[in-house]
Amino acid sequence: MKKIGLFVLFTLVFTAGYYGFNLREGKEAQPALEQPQEYQRIISLAPSITETLFALGLEAQIVGVTRYCDYPPKALAKPKVGGYLDPNMEAMVALRPDLVITFPGHQTLTPRLEQLGVATLQVQHQKLTDILDSIRIIGTATDKEAEAKALLSSLRSRMEEIKAKMAGLSRPRVLVVMGRPIGSPLKKIFVAGTGDPYDEMIRIAGGTNAYQGDFIRVPPLSAEGIMHLNPEVIIELVSNQEVQKKGWNDTTLLQDWAGLPMVSAVKTGRIHLFADDFDTVPGPRFILTLEKMAQVIHPEVNWTMP
């Protein structure tokens, strides 16, 4: 499964998942951890968690990651414990972890780890605030609170700089496309709904989400549905790996949209392909995607950094 497809699947799973975070130890340990711990053997069960651990200076303590964890490059050298939906319990146990950091979709795995005396920490990325909170939560739990505060300060400063530049500007209708069949007539187009982190990012970047439904977090739309929304800007998340494998290029990807000539974004050429690996990982590098979004939504702004 490619990362872009996996990200959409993560989103759909999270929608029905547990809200909040939980830090628990195995039944043979203390019932709860009140103070930060210096964990020495940490397993991450998601790419964004792995990125956060590295960003907090915990590289040496990471003993296991999923097969999708490929950033930073040093993560590739870490032992693999399966994927998000199919974590390998035997592989994890063999690594003798003292902490496993999970997402809401791992509820059935958590009790099994706790029975073995392994502490678990659950975070979520349902919203942009959750991404920021997960950095704080992981930092506090792993005795890296100072590093977490510094990282959060930097991220929030960059977010505030974007907000300042957006003050008083018009807010075009923006549609973030998270997945669709490529090379065929437009159909089953998964877009970011109002409950998704991309919705918050659109607003910070100076736009308005063209899709305002709140019943489904990542709804599938038809071509007719896109025409009804008539977005002024379309940001499509694409898998660079898949593009290279299939021999596609920007022309191939954009050609599909030519079938909707009456849509404002198509008519004005405001369709932007986001293919960087961080665009689909809700970790600390979300700020890079946010900055890219702001620049394509409001190209008239002077984005030259001092």
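**Note on the predicted model**

1. Of the 306 residues that make up the chain, 52% count as buried.

2. In secondary structure, the chain holds 12 helices together with 11 strands. When contacts between residues at least 6 apart in sequence are considered, 63% of them join residues at least 24 apart.

3. The largest nonpolar core contains 56 residues, and those with the most contacts inside it are I101, V176, F286, L290 and M293. This core draws at least three residues from each of domain 1 (42-151) and domain 2 (171-297). Apart from it lies another core, which has 18 residues, including L221, I226, I234 and L260.

4. Once residues within four places in sequence are left aside, V176 is in contact with F190, V191, A192, Y198, I202, I235, L237 and M293.

5. Strand β6, which spans residues 173-179, is mostly covered, since 6 of its 7 residues are buried. With strand β10 (residues 233-237), β6 pairs in the parallel sense over 4 bridges, and here V174 stands opposite V233. Strand β8 (residues 208-209) also runs parallel to β6, joined to it by 2 bridges, with R173 standing opposite T208.

6. Which strand is joined to β6 by 2 bridges and runs antiparallel to it? That strand is β7, made of residues 189-191, and within this pairing V177 stands opposite V191. As a general point for reading such strands, in a regular strand the side chains alternate between the two faces of the sheet.

7. A separate place to look is A148, which lies in helix α6, a helix covering residues 145-166. Is A148 buried or exposed? A148 counts as buried because its relative accessibility is 3%, whereas the cut-off for burial is under 20%. Not counting residues up to four places away in sequence, A148 touches L56, I135, R136 and G139. A148 and S134 are 14 residues apart in sequence, and their C-alpha atoms are 9.6 Å apart in space.

Methods. Residues numbered from 1 in each chain as written. Predicted model: local features only at pLDDT ≥ 70, side-chain atom pairs only at ≥ 80, totals over all residues. Heavy atoms only, no water. Buried < 20%, exposed > 50% of the residue type's maximum accessible area, 1.4 Å probe, protein only. Contact = heavy atoms within 4.5 Å. Core = buried A, V, L, I, M, F, W, Y, C linked by side-chain atoms within 4.5 Å. Domains from an automatic or database assignment. Pairing = 2+ DSSP bridges.
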